[in-house]
Amino acid sequence: MDFPNIAELKQQAGESPQRFTLDAELQSRSERQTKTGKPYLVLTFADSTGSFALNAWSDAPLFEAASGFKDGTALRLDAEWTQNSYGLNAANLHWERLQGTDLEAFYTGDPETRARQQVAWENITTLLATLHDPRLATLCRHFLEEFGPRFRRTAAARRNHHARRGGLVEHVSQMMRAADAICGVYPELHRDLMLAGVLFHDCGKLWENPYPETGFAQGQTLYGEMLGHIPLGIELVNKLWHDILDLPEAQAWLTEDPPSETVRLHLLHLIASHHGAYEFGSPTLPRTPEAMALHHIDNLDAKLEMVKDAYAESTQIVPGIYEKRFPLPANLVEPLPHYLPPT
């Protein structure tokens, strides 16, 4: 039996109610109060393609039932769905727990997402195999060997862009392809440093936006809450760097130019500065060509992912104009179609 996934539901739901059934995992819940003091729950559901929040009002059957659901509970949700600027809404909602083969099928994930993320992984490993600097090449290889599975299931964010299981691999792959292309246009950029910087810029999110080995509920850790992904990324790269210095081949690096310590410092600077501004969480500002390029590549990929999602999920105010979607700055307009020459 084929049901829409969350991404497809967001694409299809609009102002008029439509009945859909979908499978989703309860990621989290939080209790809130209305302006009149009545309690309600905000339930966040997720699958391999994304997540959404659903309000359970105190007078709705779901409110009482949700108190018995543990985080990570997989449910089949059948409802009349609508969508507006505040998100998805479900009327006449019915639910049941997923069990047996239905649960197993759900945890295999969406086939299209799995295939896309496999291609993204192959892009990353292929580009990293072209690095010339033995220190950066060894560092990247060590990271993938030590943390590859965790990396492949981590999200790039909690919301807004690539906020799904495996989203970080998609984000890094696209950024790495963009960095490789830009280095061809600006040959003064240090290509090895750029590619390694892309790989590691968000590596702290392995602890800030983690996923368990099975399931689609994005977790939280004390490390992620108390430090954030930039300090965690700096700490991880320092640890991995000292690991590879113990390898036998590291003796040959003592005479490499530029010196290994300078290479390490430049890589750490890319992690530290990639948010681009103090008010966005960077402990320092971009101070090298590679740092400036990396910041803009990161921002570009995140923004274009948000734009893609907005076109798929926002309602049209009038033909060709889409309702504003946070955090984009304005209403989107239908893009110009590609020109197709006459046949």
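Rings of Phe, Tyr and Trp, the last represented by its six-membered ring, are paired if their centres lie within 6.5 Å. The exercises below apply this definition and related ones to a predicted model.

**Exercise 1. Determine which residues form one aromatic cluster, and classify the pair of Phe-143 and Phe-151.**

Step 1. The cluster consists of Trp-121, Phe-143, Phe-147, Phe-151, Phe-200 and Trp-207.

Step 2. For Phe-143 and Phe-151, the centre-to-centre distance is 5.6 Å, and the planes stand at 55 degrees. Planes under 30 degrees apart count as stacked and those over 60 as edge-to-face, so the remaining angles count as tilted. The pair of Phe-143 and Phe-151 is accordingly tilted.

Step 3. Phe-143 and Phe-151 are both buried.

**Exercise 2. Describe the largest nonpolar core and the surroundings of Phe-143.**

Step 1. The largest nonpolar core has 50 residues, and those touching the most other members are Phe-143, Phe-151, Met-176, Leu-199 and Phe-200.

Step 2. Among the elements giving two or more residues to this core are helix 4 (111–128), helix 6 (167–185) and helix 12 (289–313). Helix 5 supplies the largest share, eight residues.

Step 3. With neighbours within four places in sequence set aside, the contacts of Phe-143 are Gly-148, Phe-151, Leu-199, Phe-200, Cys-203, Leu-206, Leu-236 and Leu-240.

Step 4. Another core, of 23 residues, lies apart from the largest one and includes Leu-54, Ala-56, Leu-75 and Leu-77.

**Exercise 3. Classify the pair of Tyr-107 and Phe-216, and state which parts of the chain this pair ties together.**

Step 1. The structure holds 12 aromatic pairs. In the pair of Tyr-107 and Phe-216, the ring centres are 6.1 Å apart and the planes are at 35 degrees, so this pair is tilted.

Step 2. Tyr-107 belongs to helix 3 (residues 100–107), while Phe-216 belongs to the loop between helix 8 and helix 9 (222–226); the pair therefore ties together parts 109 residues apart in sequence.

Step 3. Tyr-107 has 27% relative accessibility and therefore counts as partly exposed. Phe-216, at 4%, counts as buried.

**Exercise 4. Is Asp-23 buried or exposed, and which residues does Asp-23 touch?**

Step 1. Asp-23 is located in strand 1 (residues 18–33). Its relative accessibility is 14%, so Asp-23 counts as buried.

Step 2. Excluding residues up to four places away in sequence, Asp-23 touches Phe-3, Asp-47, Leu-75, Arg-76, Leu-98 and Phe-106.

Step 3. With Arg-76, Asp-23 makes a polar contact between side chains, at 2.7 Å.

Step 4. The C-alpha atoms of Asp-23 and Leu-77 are separated by 6.2 Å, although these residues are 54 residues apart along the chain.

Notes. Residues are numbered from 1 along each chain as its sequence is written. This is a predicted model: local features need pLDDT of at least 70, side-chain atom pairs count only at pLDDT 80 or more; totals for chains, interfaces and linings use all residues. Side-chain values use heavy atoms; hydrogens and water are left out. A nonpolar core is a set of buried Ala, Val, Leu, Ile, Met, Phe, Trp, Tyr and Cys residues joined through side-chain atoms within 4.5 Å. Buried means under 20% relative accessible area, exposed over 50%, partly exposed in between (1.4 Å probe, protein chains only). Helices (H or I, at least four residues) and strands (E, at least two) are DSSP runs, numbered from the N terminus. Contact means heavy atoms within 4.5 Å. A polar contact is a pair of N or O atoms within 3.5 Å; within protein, one must be able to donate a hydrogen and the other to accept it, and residues adjacent in sequence count only if both atoms are side-chain atoms.
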